[in-house]
Amino acid sequence: AAVFNWPDPLLDTLDSQLYEISTVSILAVNCTSRDNSTIAAQWLRLAYHDMATHNSTTGTGGMDASIQFEFTRAQDVGMGMIESLRDFVSTLNQYVGMADVIAMGAINAVIGCGGPVIPFKGGRIDATEAGPATVPEPQQDLASHIASFQAQGFNETEMIALVACGHSLGGVRQVDFPLIATEDAPTGIQTFASTVGFDNTVVTEYLDGTTENVLVVGSNITTRSDFRIFSIDGNATMQSLASPETFNKVCAALIERMINTVPSTVTLTDTLEPFDFKVQDTSFYPQAGSLVFLATLRIIDVGVNRAVTMFWKERTGKFCPAKGCSIQATVIQEVPSLYAQLKGVTGFNRHSFNASIDLATSISHFWFEVNNSDGSAPFIVDNNGANYTIDQDVLLYDPQRTISTFFSNTSVNERMVVGVKDPSKTIVTSLTTFGSNTPPFTGSGIDTFELDSSFPPADGYTFYSLPFDFDGVFPLSHTIQATINGTMYSAWVPGNGI
Ligand code: HEM
């Protein structure tokens, strides 16, 4: 079973995006159309073009989101590029960059159109500048294409298969490639195959001579790059891909390698499997004479009617049975993403807790008791033995005082608020990741919070704020730091923090 150690902002975000309903897990489902092609086709092409900057000799380039700086090049022509990048902006935070989301997008593109499940690893690092212009183009000769794929780490057989896998989806748009898509196409696109979904029709139609793939049979012979590639080995590879099972197996393995092609300085995480137990959406802030502590324990639903209780200890390390340091959960059934369902997850149960913590004694440690109510002994969930520890209550992100409108409303002074206990000589800073609707979409900076007199001190806390434009941008999950009386504290604002 996959194990989650809280807190882990990278794995927390990646897991939520992959296994729960999110922009990236939902947009390409049902092979949704866009721009006369499909969102899935656009996402898969984007991923390939991003990877195509890899040089396996120098270990540079690959899946690093350098496409953000490259998509205006002729070799990356097409509005699908920027549209896809925009699809992904809302997922970015301090821990998860665009490159991980592009990789996740490729996986969701394939399954969204009925293709095989591909394992996901995270941890890619976003480039800060363009890579080399090494995306193969249809007018180049076969030797150049072999050399390109070789540099990217794929031999000739793998090149044939990877192109066939990619060109299972979408097609060539007339507006972008008028010299290739020369035939009259009422929809503005000449698709590679007669089926929309991710399947091997592109292969079988090539083999039986019915293909209308313009990169195979187009009247412009110079740009018949798929024909030159597919036929290198006398069609042996294409014939092997005529079996749908082989096609799916080979494509899953090659697309996995494609998205895991990263600069040699990058180390990817282990394959992300759905966690049995995941603590998420925690919040901790002062309110009306006590401390509010919110937490959710997400458990994979296995059809039992669980009762889950949260317990906690005071900061002194004392447990307090008399006053009651425990609370029952409210439970919400959550629909898993298509990817999770294909991995066999039928549902998640979110056991959510809203605890009122004594202001003076506070909280240092929380844990859960799970009773499956089926006669088996209740068991403890406590971070796999490592304890769910709250290491400080001096610097707290305050979601209640934070003001966000989510929609443009210039009359509202949007700002992020933190509470600081014992605030003499305090400097509060925050590392923020900001997405924007114009490229490059990722970037980060350090901002400083100022004392905010509109939030008078309360419950022993003083409040600092930072103007923040939440509109259209969701700067979720980042870390706020403060030096308070010479000691450095940091507070992680999890994904639901605003
Ligand atoms: C020699 C290698 C390749 C060449 C010359 C090539 C060329 C092209 C061209 C000219 C288009 C039309 C783009 C448009 O009109 O928007 C296209 C579309 C596409 N390519 Fe490739 N490609 C190659 C390899 C690949 C690979 C390896 C993949 C992915 C594994 C891939 C995935 C796609 C997809 C999904 C589309 C459809 C995009 C859409 O419909 O929006 N291509 N390719």
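Student: What should I know about the numbering and the model before we start?
Tutor: Residues are numbered from 1 along each chain as its sequence is written. The model is predicted, and local features need pLDDT of at least 70, side-chain atom pairs count only at pLDDT 80 or more, while totals for chains, interfaces and linings use all residues.

Student: Why is α5 described as largely enclosed by the rest of the structure?
Tutor: A residue is buried if 20 or more other C-beta atoms lie within 10 Å of its own, exposed if 12 or fewer, and partly exposed in between, with C-beta atoms placed from the backbone. Of the 15 residues of α5, 15 are buried, so the helix is largely enclosed. Across the protein, buried residues make up 46% of the 498 residues.

Student: How do you know that the span of α5 is close to what is expected?
Tutor: Helices are DSSP runs of H or I with at least four residues, strands are runs of E with at least two, and both are numbered from the N terminus. The expected span is 1.5 Å times one less than the number of residues; α5, with 15 residues, reaches 20 Å from its first C-alpha to its last, close to the expected 21 Å. Just after α5, glycine 114 takes a positive phi of about 90°.

Student: How do you know that domain 1 and domain 2 touch?
Tutor: Two residues are in contact if their C-beta atoms, placed from the backbone, lie within 7 Å, and 13 residues of domain 1 are in contact with 12 residues of domain 2. On the domain 1 side, α1 (9–19) and α5 are the elements that give two or more residues. Domain bounds come from an automatic or database domain assignment, which gives domain 1 as 9–259 and domain 2 as 277–389.

Student: Why does the radius of gyration agree with a compact globule?
Tutor: The radius is taken over C-alpha atoms, and the globule rule is 2.2 Å times the number of residues to the power 0.38. For 498 residues a compact globule would have a value near 23 Å, and the protein has 26 Å, which agrees.
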